[in-house]
Amino acid sequence: MPTRPRTTHRPRRCPIATVAGSGSSTTQAQHFAESYVTEDLVLRTARSLAREVGLDAVTPGAGAALRLLAAAGNARAVVEIGTGTGVSGVWLLRGMRADGVLTTIDVEVEHQRIARRIFAEAGFAAGRTRIITGRALDVLPRLADGAYDLVFVDAEATGFHACVEAALRLLRPGGVLALNGVLASDRIGDPSARDAETVTVRETIKAVRESEHWIPALLPVGHGLLAAVKC
């Protein structure tokens, strides 16, 4: 009786595991997610102006997430810390109610001048925005307790803790905190990263996670977006 050739069976690889284990596939997926919602001419202009003045605006993916959070909460009153050239502000306004007002705070008058023009070009009436020039930690104490539906923080990490504390006071129950930049330039998951910025971000997001006042989730969009609902 003839002997059959011996066949070596190779283990079948799960397609999902293959994709998950491929760094290039992960990068492609992130790129696809960032480009899923496209930006119009107004947002592209605001983004270009941000680069000209040396600002790193929220990415399209993060902007789309902000619009989603504003829309899901039917936001009427929103505080933005860090006006920039209006990129995040336009995303927020497009998710808010038609009668909603965005209170946006920044220390740079010139940046706010650009943002004011961008808001107008996006079709928002002047009454839809309240643009305040000054340090956030000086302005926030003047805002009313429990009067806001969403607080978006796009500021230096050194001010994160104080901004989170202020947001807890400003938000109504069920209101949302959104904190930008929580991946700390991709250093957040590196235990050896002990620079001041990374440590501050790490301590802030840990405090939010462990607090009884927040229901948080860390969204891996853009530079990292921590979203938390006030209990």
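This is a short walk through one protein model, from the whole fold down to a few single residues.

Okay, some ground rules. The model is predicted, so local features need pLDDT of at least 70 and side-chain atom pairs count only at pLDDT 80 or more, while totals for chains, interfaces and linings use all residues. Residues are numbered from 1 along each chain as its sequence is written, and side-chain values use heavy atoms, with hydrogens and water left out.

The protein has 9 helices and 7 strands. Both kinds of element are DSSP runs numbered from the N terminus: helices are H or I with at least four residues, strands are E with at least two. Of the 231 residues, 44% are buried. By buried I mean under 20% relative accessible area; exposed is over 50%, and partly exposed is in between, with a 1.4 Å probe and protein chains only. Now contacts, meaning heavy atoms within 4.5 Å. Among contacts between residues at least 6 apart in sequence, 68% join residues at least 24 apart.

Let's go to the sheet. Strands of a sheet pair through backbone hydrogen bonds, either parallel or antiparallel. Here, two strands pair if DSSP finds at least two bridges between them. What order do the strands take in the open sheet? Reading across, it goes 3-2-1-4-5-7-6, and the pairing is mixed. Strand 3 (129–133) and strand 6 are the edges, each pairing on one side only. On average, neighbouring strands are turned by 15° against each other, direction ignored. For angles in general, axes are lines fitted to C-alpha atoms, for helices over the stretch in contact, and the angles run from 0 to 180 degrees between N-to-C directions.

Strand 4 (residues 148–153) runs parallel to strand 5 (residues 171–180), with 5 bridges between them, and Val151 has Leu177 in strand 5 as its bridge partner. Helices sit against this sheet too. Helix 5 touches strand 1 (77–81), strand 2 (101–106), strand 3 and strand 4, and its direction makes about 165° with that of strand 1. Helix 9 (residues 196–210) packs on the sheet as well, touching strand 5, strand 6 and strand 7, at about 135° to the direction of strand 6.

The other pairing is antiparallel: strand 6 (residues 214–219) and strand 7 (residues 225–230) are joined by 6 bridges. One of the residues involved is Ile215, whose partner in strand 7 is Val229. These two strands make a hairpin with 5 residues between them, and Gly222 in the turn has a positive phi of about 55°. Hold on to Gly222, please.

Next, helix 4. It has 13 residues and reaches 18 Å from its first C-alpha to its last, close to the 18 Å expected at 1.5 Å a residue; that expected span is 1.5 Å times one less than the number of residues. Its buried residues include Gly61, Ala62, Leu66 and Leu69.

How does helix 4 pack with helix 5? Helix 4 (residues 60–72) and helix 5 (residues 87–95) meet at an angle of about 30°, with axes 7 Å apart. The contact is made by residues including Gly63, Ala64 and Ala70 of helix 4, and Ser88, Trp91 and Gly95 of helix 5.

Is Thr59 buried or exposed? Thr59 counts as buried because its relative accessibility is 16%. And here's Gly222 again: Thr59 touches Glu34, Arg47, Gly222 and His223, not counting residues up to four places away in sequence.

Most residues other than glycine have a negative phi. Asn74, though, has a positive phi near 50°. Asn74 is partly exposed, at 45% relative accessibility. Ser185 also has a positive phi, about 55°, although it is not a glycine. You'll find Ser185 in the loop between strand 5 and helix 9, and it is exposed, with a relative accessible area of 57%.

Last stop, Val139, in helix 7 (residues 136–139). Val139 counts as buried because its relative accessible area is 2%. Leaving aside neighbours within four places in sequence, Val139 is in contact with Ile105, Ile132 and Gly134. The C-alpha atoms of Val139 and Ile81 are separated by 9.9 Å, with the two residues 58 apart along the chain.

That's my tour, thanks.
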